[in-house]
Amino acid sequence: MEESQVKDKSLAQQGHLQIEWASKHMPVLKLIRNRFNEEKPLKGLTLAACLHVTKETAVLVDALIAGGAKIALCGSNPLSTQDDVAAALADKGVHVFAWRGQNTEEYYRCIDKVLDYKPTVTLDDGADLVGTLHSKRQSELKNLKGGTEETTTGVIRLRAMERDGSLKYPIVAVNDAYTKYLFDNRYGTGQSTIDGILRATNILLAGKTFVVCGYGWCSRGIAMRAQGLGANVIVTEVQPIRALEALMNGLRVMPIAEAAAVGDIFVTATGDINVIRKEHMQKMKDGAIMANSGHFNVEISIKGLEELSNAKRTMRPNLEEYSLKDGRKLYLLAEGRLVNLAAAEGHPSEVMDMSFANQALSSEYIAKSPKMQPKVYVVPKELDEKVAELKLKSMNIMIDELTDEQKKYLSTWEMGTT
Ligand SMILES: NC(=O)c1ccc[n+]([C@@H]2O[C@H](COP(=O)([O-])OP(=O)(O)OC[C@H]3O[C@@H](n4cnc5c(N)ncnc54)[C@H](O)[C@@H]3O)[C@@H](O)[C@H]2O)c1
């Protein structure tokens, strides 16, 4: 079997340095790695991972190997692989099949290569591994002990599979751990999305009208950071409670049809399809910029944009100019793929430290659980709290403990007004 396939093996040295830099900022995963190295809880497992191939993922891979697992890795997005990191992983002997700029056929071919290793556990980001196993490789489903899922869109799909009875093995929804989505989706996506927009455009955000589609965990992080840089933020939503939250956080709220006419920059992070459509682009100002940070490149209608345009050129890396038939120019970042990974480096290592600690502990949980049902599991509360505890400790932050009196007070109902 082919050992690995990456863009350029000569990038390995740079990749090793990147991984070393990330690992310095991932203390929780380091602790788990050291324990795994002694206890080998993953011995005997073959892991197939479909994750963004970044320096932080390389640190996770190292921890999983220390735990005794065999692993094969492919990218979870055609445009998010860091080629130097992929080269370094291949240099370490990891079976990695990933490079930046894959077409759809290459992307799925790499998924197949990873599945050829006959995994017993899958680690997914967006449910493409699970989807491929359930649609094209069903005879292999019996080998699967369990899996993990990293992102909201993947969890939504897996819950749909569970509902209609088609999910054939258990999956732990890592995304839904508090120590994942409250930090990764909010602060990670918030900072790295702004980072991607700035690297692609180098525009000033202060004073700009910045439209964020969605006010979920990712989108509220993006709105918060854009506001911090002096942008005038507008939120579009479909859920009344979230719209109300945005409003009371001091943001303007309106439908996308209205926001389209006033925005300078538009960012989608909804997990939904065709959030910005042709009819909205028809109203946009000359020079408006669009980017997406949701999992799939379906949130901005690229088809609609192409129908309106008669020419397209690349102005800078990850910045495409569409010339519209009416003379306006509209700009799309990173082909509408998640801008924080395609135009920047994804979430900072400190945040991935917690997400990937959950991945590592959830893999161990699957390894040790005798019989799990084919359904979507939440990360056990003890593991989630352990990650928070270790993270605080690594930052030298102490917190209080309940006194005996407080424990008693909080668990009884007799004491009223005094
Ligand atoms: N870029 C990254 O690194 C990264 C990281 C984590 C998650 N994600 C992805 O980002 C997406 C959002 O994840 P999340 O955790 O914020 O989800 P979420 O469910 O917390 O938030 C999504 C929000 O979008 C809103 N929404 C849905 N359709 C809409 C529409 N047509 N117009 C306006 N708002 C709409 C929903 O009401 C919801 O409030 C998912 O695809 C997820 O997989 C990306």
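Which residue forms a salt bridge with Lys368, and how far apart are the closest N and O atoms? I began my notes with this pair. I keep in mind throughout that the model is predicted.

**Entry 1: Lys368 and its partner**

I looked up Lys368 and found that its salt-bridge partner is Glu364, with the closest N and O atoms 3.1 Å apart. I placed both residues in helix 15 (residues 349-368), where they lie 4 residues apart, about one turn of the helix. I then checked accessibility for each. Lys368 is exposed, with a relative accessible area of 54%. Glu364 is buried, at 7% relative accessibility. I noted the cut-offs behind these two words: under 20% relative accessible area is buried, and over 50% is exposed.

I went to helix 5 (residues 104-115) next. Arg109 and Glu105 meet there through their side chains in a salt bridge, 3.1 Å from N to O. About one helical turn separates them, because they are 4 residues apart in that helix. Both ends came out as partly exposed: Arg109 has a relative accessible area of 33%, and Glu105 has 49%.

I then looked at Asp112, whose side chain forms a salt bridge with that of Arg137 at 2.9 Å, N to O. Asp112 lies in helix 5 and Arg137 in the loop between helix 6 and strand 5, so this pair ties together parts that are 25 residues apart in sequence. Asp112 is partly exposed, with a relative accessible area of 25%. Arg137 is buried, at 11%. As a reminder to myself, side chains of opposite charge can pair when their charged atoms come close.

**Entry 2: strand 4 and its neighbours**

I took strand 4 (residues 121-124) residue by residue. With strand 5 (residues 146-149) it pairs in the parallel sense over 4 bridges. Leu123 of this pairing stands opposite Thr148 in strand 5. Strand 4 also pairs with strand 1, in the parallel sense and over 4 bridges. There I noted Thr122 of strand 4 as the bridge partner of Ala48.

Which residues of strand 4 point one way, and which the other? Val121 and Leu123 point one way, Thr122 and Asp124 the other way, and all are buried. In a regular strand the side chains alternate between the two faces of the sheet.

I traced the chain onward from strand 4. Together with helix 6 (residues 128-135) and strand 5, strand 4 makes a right-handed β-α-β unit.

Most residues other than glycine have a negative phi. I wrote down Asn202, with a phi near 55 degrees, and Asn396, with a phi of about 60 degrees.

Where does Asn202 sit, and is Asn202 buried or exposed? I found Asn202 in the loop between helix 8 (178-201) and strand 7 (209-213). Asn202 is exposed, with a relative accessible area of 61%.

I asked the question again for the other residue. Asn396 is in the loop between helix 16 (381-394) and helix 17 (404-411). Asn396 counts as exposed, at 65% relative accessibility.

Terms used
Residues are numbered from 1 along each chain as its sequence is written. This is a predicted model: local features need pLDDT of at least 70, side-chain atom pairs count only at pLDDT 80 or more; totals for chains, interfaces and linings use all residues. Side-chain values use heavy atoms; hydrogens and water are left out. Two strands pair if DSSP finds at least two bridges between them. Helices (H or I, at least four residues) and strands (E, at least two) are DSSP runs, numbered from the N terminus. Buried means under 20% relative accessible area, exposed over 50%, partly exposed in between (1.4 Å probe, protein chains only). A crossover is right-handed if, with the strands pointing away from the viewer, the path from the first strand over the helix to the second runs clockwise. A salt bridge is a side-chain nitrogen of Lys or Arg within 4 Å of a carboxyl oxygen of Asp or Glu.
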